[in-house]
Amino acid sequence: MVNGAAPLLELQGVKKYFPVTKGLIMMKTVGYVQAVDGISFTIKQGETLGLVGESGCGKTTTSKMILRLEVPTEGRVLLEGKDIQDFKGEELRDYRTIVQAVFQDPWSSLSPRMRVRDIIAEALVVNRQVSSEEVKNRVEEVMTQVGLHTDQAKNYPHEFSGGQRQRIAVASALVSYPKLIVLDEPVSALDVSIRAQVMNLLKDLQGEYNVGYLLIAHNLATVRYMAHQTAVMYLGQLVEYSDTEELYKNPLHPYTKALFSAALPSHPDMIREEIVLTGEVPSPINPPSGCRFHPRCPFAMDKCSEEAPVEKEVAPGHLVSCHLY
């Protein structure tokens with residue numbers, strides 16, 4: 001961080017528990033889904049943090065708390081050192097402008113009843129006092145930057161291909177000069193041939209706007225290409241956190257190794273360690289005691305079932321929560 005400045009985004013011990021209720025009239029809480037359970041990380045201006053893990057581990061719930069669509073049960077989400085739950089009025093409008101999102105499915109994230117120019121302009125019109133001329137110029141500017149023709153502004157989303165729709169979603173996120181964009185599986189619904197184009201576009205725009213990204217993805221190759229830092233999530237907790245290249249060259253946590261083992265190799269002749277995990281992901285309503293990964297871990301020891309591991313810095317900037325270290 002430059003001159004000790006606060007990071008762009010910081011999560012401090014964030015938890016999100018959803019109550020599980022029973023009965024219709026006399027509803028009673030019988031437990032909690034521990035969707036996110038005490039995670040901490042930072043994102044710097046102009047950098048990308050990749051958040052990886054299998055479905056149901058809490059990645060999307062994390063993004064919803066950052067976007068203020070969910071309120072944390074515990075812990076704080078800070079934007080440039082300020083708790084986002086304290087924002088009201090003008091500060092909240094500002095927040096809605098500088099924190100944007102691009103979602104997974106370009107077919108359902110765009111309103112079919114709105115013209116493209118209105119979809120793109122929405123964040124600017126709703127949150128900023130700008131003239132119609134300024135809006136028109138800004139919409140044309142971002143459309144050009146994402147590789148769309150300005151004469152397509154009058155069209156509707158159904159007149160575009162999947163890749164073009166995702167470009168519209170990126171233009172919509174960029175229009176209000178954001179500082180942070182949450183990318184929730186931004187290329188997973190696209191054809192392989194289009195994915196590289198959209199990833200390159202996002203990298204180029206990051207260089208131009210110095211915007212920070214939280215990249216949520218299943219595809220490890222996407223994360224390796226785009227992210228500066230990577231955090232690995234399992235059952236609501238972070239198990240490993242490191243510089244991306246360091247993590248890919250030297251994964252430490254057994255779960256991280258298993259994830260990499262299951263991914264397609266970069267070359268068909270590459271020989272890799274094959275790790276097959278037994279069993280299913282435990283329920284977040286009743287997670288295992290000790291280390292949450294221990295029922296499926298091939299290296300589990302007695303104390304793994306009794307004692308939760310403490311996060312340790314094994315190498316500079318490389319954190320892991322595992323009793324093996």
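Here are a few questions and answers on how the labels for this predicted model come about.

The model is predicted, with local features needing pLDDT of at least 70, side-chain atom pairs counting only at pLDDT 80 or more, and totals for chains, interfaces and linings using all residues. Residues are numbered from 1 along each chain as its sequence is written, and side-chain values use heavy atoms, with hydrogens and water left out.

Me: Why is L67 called buried?
Reply: Its relative accessible area is 11%, and buried means under 20% (exposed is over 50%, partly exposed in between, with a 1.4 Å probe and protein chains only).

Me: Where does L67 lie, and what is it in contact with?
Reply: L67 sits in the loop between α1 (59–66) and β4 (74–79); helices are DSSP runs of H or I with at least four residues, strands runs of E with at least two, numbered from the N terminus. Leaving aside neighbours within four places in sequence, its contacts (heavy atoms within 4.5 Å) include Y95, F103 and V182. V182 is 115 residues away in sequence, yet 8.1 Å C-alpha to C-alpha.

Me: What makes β11 and β12 a pair?
Reply: Pairing takes at least two bridges found by DSSP, and 4 join β11 (residues 311–315) to β12 (residues 318–321), so they pair, running antiparallel. E311 stands opposite S321 in β12. With 2 residues between the strands of this hairpin, G317 takes a positive phi near 75°.

Me: Why does Y325 count as partly exposed?
Reply: Y325, in the segment after β12, has 31% relative accessibility, so it falls between the two cut-offs.
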